[in-house]
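Welcome! Open the model in your viewer, and let's walk through it one selection at a time.

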2 protein chains.
Amino acid sequence: MAEKITPREKDYSEWYNDLVKEAQLAEHSAVKGCMVIRPLGYAIWEFMQADLDRRFKETGHVNAYFPLFVPKSFLSKEAAHVEGFAKECAVVTHYRLKNDPNGKGVIVDPDAKLDEELIIRPTSETIIWNTYRNWIQSYRDLPLLINQWANVVRWEMRTRLFLRTTEFLWQEGHTAHATKQEAEEETKRMLDVYADFAEKVLCIPVIKGIKTANERFAGAEETYCIEAMMQDGKALQAGTSHFLGQNFAKAFDVTFLDKTGTREHVWATSWGVSTRLIGALIMAHSDDDGLILPPAVAPTQVVVVPIYRKDEELEKINAVVHDFVAKLKGSGIRVKYDDDDTKKPGWKFAEHELKGVPLRIAIGPRDLENGTVEIAFRDTKMKQVVGIDGLAEKIPALLEQIQQGIYLKALKFREEHTFNADTWEEFTSILDKGGFILAHWDGTSETELKIKEETKATIRCIPLNAPNEEGKCIYSGKPSIRRVIFAKAY
Amino acid sequence: MAEKITPREKDYSEWYNDLVKEAQLAEHSAVKGCMVIRPLGYAIWEFMQADLDRRFKETGHVNAYFPLFVPKSFLSKEAAHVEGFAKECAVVTHYRLKNDPNGKGVIVDPDAKLDEELIIRPTSETIIWNTYRNWIQSYRDLPLLINQWANVVRWEMRTRLFLRTTEFLWQEGHTAHATKQEAEEETKRMLDVYADFAEKVLCIPVIKGIKTANERFAGAEETYCIEAMMQDGKALQAGTSHFLGQNFAKAFDVTFLDKTGTREHVWATSWGVSTRLIGALIMAHSDDDGLILPPAVAPTQVVVVPIYRKDEELEKINAVVHDFVAKLKGSGIRVKYDDDDTKKPGWKFAEHELKGVPLRIAIGPRDLENGTVEIAFRDTKMKQVVGIDGLAEKIPALLEQIQQGIYLKALKFREEHTFNADTWEEFTSILDKGGFILAHWDGTSETELKIKEETKATIRCIPLNAPNEEGKCIYSGKPSIRRVIFAKAY
């Protein structure tokens, strides 16, 4: 277990790979670049889904489902879009296999070639906007606020579990509006939903901002994002919300009659988060002993471990634990009583630490005599002996305290690793240590790309809350009106 | 709306197509054979998913996610399996597009050809059992009880929305066991879960049975099924649960050390239901005015419609309805107050009937004076004027009564359309009218296929509860020991 996990100090990247494997969150599949999400990893995703889905519905969205396949010709209809996605598309060309005439298994049947190849959706703007054309006639049909939970495929050459895989799971919202203003408001509303979710549920502090033209979604007019800091000081884009203008409406000829009877093109947004967030969650909080999970997304929030030598001792413990566990379940706590008699307590402690159970409660014969238990906090490693009387009632508050603590720790880390740089020397020396750098930039793609080429750092975003401040670009020396965030990124 | 729906008597098949379209449940997409599931259709699916998922978890299963792609060679490993699925496989051969050198959009990049083609999963036994090989070493790793919610693709030449589409959504359970007996028990347990779900939640009475060898899942030793009757007397297979024996364990070399230290192959099951159930739900209950939904899966269970001419009247109605709706929401009822002032009550009534809202409550100025409302039941078309005092408290019981009523009506229909046939003449004349036929069969595939050829009727199942009864096969006259169910089927 923990001894199989490379320490973060030694090799952060190996630490991540080891943790994902040892905690049984996910693994590589037989198909290059695709992952198997194991039950623990998937359970975390289910809690994320449930919370996000509730937020989407509270903001007026409904779910629907659009096809996996996109006709090749659809992709070409929006010029920037095809440019952005064509190079990573899985292409279906045939619809049948047949027995190999040479007797070796099956081969693709050459007679079953498709007239037009189908792309596995890398994102669904094209197929959805082609559908919206028939759904939207008048301003009365707007806004159209639809979300889809789906798998998508982007052929990746270099993959990492959760962070970058050929197939991944996500949600993609696609909305249609009568006015530019309404679409812009929607774009920002969903960015706020993502930011609140990341901070309150995943305990990951994020910076809301706007992407530069280089980093914009292919087909968007403006891409908003939330950027998070991992424990190695690198940035991770945790969610994006795009204002698409009328680009897709024009490409797919989606128009409506407004209140004055004038025909106009529809305004659009799209926004998404993916199973990548599981990677972010791991990298933001976990330690060398394994996973650290915020209680809000922990499949098991509390584990109770009995400590005993004799069966009579276990029976007495069982009696006490039974009531305690029933109370917790009654108040909606996800609790597990680990009374597996084939494993020793020490093994169980390590196992539940590895799997990120936020709160562990151990109870032995001496505890029974004293009316106490030992509680151990996964995040801080703090242990405490406390009375069992009234403890069940205190658990929700303890979990809330853990949730807060994990967030504050991550926030403190980010603050300690965010720096201003005013010269190129400062900039490059900070980059070596890792972290976010607030620096002036002249606003040109040329400078941005040169900085990326020389240092691998990219502009993560132009923060929404960045104050106006006159300065000089750290690279070109040209004038700048505000600082942007640079970092190396996942 | 309703006038656009062909009556069932006139053309049952057109009635179904019209209803799916007019009630905005689903539509054909630009990709042949694939459907778009519209928000109302998808919301019904979400309620089905939530209920099934709870049942799976209560029976000890966990969710996971396996890749969309299956390497072509995997399919060939289980002989019957590849035979069953090869002819309907979507095949990915390339992983990149490039600009057409002739300047016409994009083309498939011939340099990006895969070494081994990938099949879009038609079902996931092969990719999952290839993964299980590494997860299972000892009896301690068993049973493995995993479910997956996913999309699958089976290339269909003749498609119908929900009932038969190239891509569909489903869940597929895949379990691994140490003994044959345990796997058989699991197969039957999940069949029971499906049957209970179909009857209690979807109000569709089902017959549990075993498929004949002809109709067995490709790769299974035994296929259990639930069969439902539609309003045209045809059968619809609503769910299947397969005992896979050791077939996939042997094909993928999945073994374990049992308690005695002997290495054995693992025993397997798989089971699934799909978005086809939405089609079953529609066909089992709906009428010429539109959808009839059991309250358990109705996205809106109660709609309240104000009847008024003047704004003052509406204000008074609003005041009363506000409290009423709040009470219903408080007790978890999905209620909508349809106070849209751009539509007339008559239009709204027809709309909510079309969309299958189980209970409609209308309230006008005279009702206010009398302290009454008019409630209308979607399933029976019954209307009733009742006092509003205490009505909110009665709504849950009314919904339960509707749920029961829909089930009993479908049960009565099935009973009235189930017949014994003892001669070939009886058999064929009943078939013309439609319904289930209980008849003797000699147990051979030959006879089964001949009957199918001559009448299009298939053996839906050998019912689990069929009593032993000696008789003669209606086709061959050979001896038979029990009756099986014949019907034409979707």
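Which residue in β5(B) is the bridge partner of Val92(A)? Select Val92(B), and you have found that partner.

Before going on, a word on reading the model: it is predicted, with local features needing pLDDT of at least 70 and side-chain atom pairs counting only at pLDDT 80 or more, while totals for chains, interfaces and linings use all residues. Residues are numbered from 1 along each chain as its sequence is written, and chains are lettered from A and ligands numbered from 1 in the order in which they are written.

Now show residues 91–94 in both chains: these are strands β5 of chain A and β5 of chain B, paired antiparallel over 3 bridges. (Strands are DSSP runs of E, at least two residues, and helices are runs of H or I, at least four, numbered from the N terminus; two strands pair if DSSP finds at least two bridges between them.)

Next, select the contact between the chains: 51 residues come from chain A and 51 residues from chain B. Residues are in contact if their C-beta atoms, placed from the backbone, lie within 7 Å.

Inside chain B, pick β17 (302–306) and β19 (359–363), which run parallel over 5 bridges. Here Val302(B) is opposite Leu359(B).

Note on methods
Contact = placed C-beta atoms within 7 Å.
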